[in-house]
Amino acid sequence: MGVGALSVWEQSSTARVTAPARPRKLAKVPFVELADGRLQGVVSSGSDIGRVYVSSVAARTYAFSCSTNNNRPCGGARGMFCKHIQALVGEAVLQYGAERVARYLAVDPPDGEPDAQSLTAAMTATRPVKGDSAAAAQVFSRFLRHLAYLELVPVTFPLPEMQWFPSTRAVA
């Protein structure tokens, strides 16, 4: 992609902008990120519209955690990945690409083109343990902050809370 294909914001940004591997629908997994040494995100409940699950898989150990937004443990995450964690891995592969997810989590997928199923199978083959759900509150808080930014009215002037990085064109 040449410089001409980048928007003005992407050209002037100090943060690297990575396009999603493929577009994804946000209804089932509205929030997914590779952060803090984990694949983590928020997964909608299939049975209750008012309930979401905060799920995560740790890099290298694949220790997993899944609980509701009210810190109640997921009933399906008993000794193996539940459907929420499987959905999280699937959406991470859509958003970041299978190679990037495998590299971040340090998964050695079997020969061939990696996909969500092969990554999940490679991780579950190691018999990962149930991890600590202490980070669930932080992940859910990030998700809520993400939603708050989506609700902002579009404006053309800078917003103070969106000024994360120093200006690269500051005049002395």
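Read along the sequence, the chain runs α-β-β-β-β-α-α-α-α. That pattern holds 5 helices and 4 strands. Helices here are DSSP runs of H or I with at least four residues, strands are runs of E with at least two, and both are numbered from the N terminus.

Before the details, a word on the source. This is a predicted model, where local features need pLDDT of at least 70 and side-chain atom pairs count only at pLDDT 80 or more, while totals for chains, interfaces and linings use all residues. Residues are numbered from 1 along each chain as its sequence is written, and side-chain values use heavy atoms, with hydrogens and water left out.

Of the 172 residues in the chain, 37% are buried. Buried means under 20% relative accessible area, exposed means over 50%, and partly exposed is in between, with a 1.4 Å probe and protein chains only.

Next, two of the helices. How do α2 and α4 cross, left-handed or right-handed? Helix α2 covers residues 83-96 and helix α4 covers residues 116-124; their axes come within 9 Å and cross at roughly 130°. That angle makes α2 oblique to α4. Axes are lines fitted to C-alpha atoms, for helices over the stretch in contact, and angles run from 0 to 180 degrees between N-to-C directions. Under 35 degrees counts as roughly parallel, over 145 as roughly antiparallel, 65 to 115 as roughly perpendicular, and the rest as oblique. The crossing of α2 past α4 is right-handed, meaning that the near helix is turned clockwise from the far one by less than a right angle.

Now the charged pairs. A salt bridge is a side-chain nitrogen of Lys or Arg within 4 Å of a carboxyl oxygen of Asp or Glu. By this rule there are 4 salt bridges.

One of them joins D36 and R142, at 3.1 Å from N to O. This pair links distant parts of the chain, since D36 lies in the loop between β1 (31-35) and β2 (38-44), and R142 lies in helix α5, 106 residues apart. R142 is partly exposed because its relative accessible area is 22%; D36, at 43%, also counts as partly exposed.

D36 has another partner, R38, with the closest N and O atoms 3.7 Å apart. Is R38 buried or exposed? R38 has a relative accessible area of 17%, so it is buried.

A further salt bridge is between R51 and D48, again with the closest N and O atoms 3.7 Å apart. R51 is partly exposed at 32% relative accessible area, and D48 is partly exposed at 31%. As for the network, salt bridges that share partners join E33, D36, R38 and R142.

Last, helix α5, which covers residues 136-150 and holds L147. Which residues make the nonpolar surface patch? L144, L147 and L150 make it, with an area of about 270 Å². Patches take residues with over 30% relative accessible area and no salt bridge, joining like charges within 9 Å and nonpolar side chains (Val, Leu, Ile, Met, Phe, Trp, Tyr) within 5 Å. Accessible areas come from the Shrake-Rupley method with a 1.4 Å probe, and for residues only the protein chains shown count as cover.

L147 has a relative accessible area of 31%, so it is partly exposed. L144, at 42%, is partly exposed. The C-alpha atom of L144 is 9.6 Å from that of F31, 113 residues apart along the chain.
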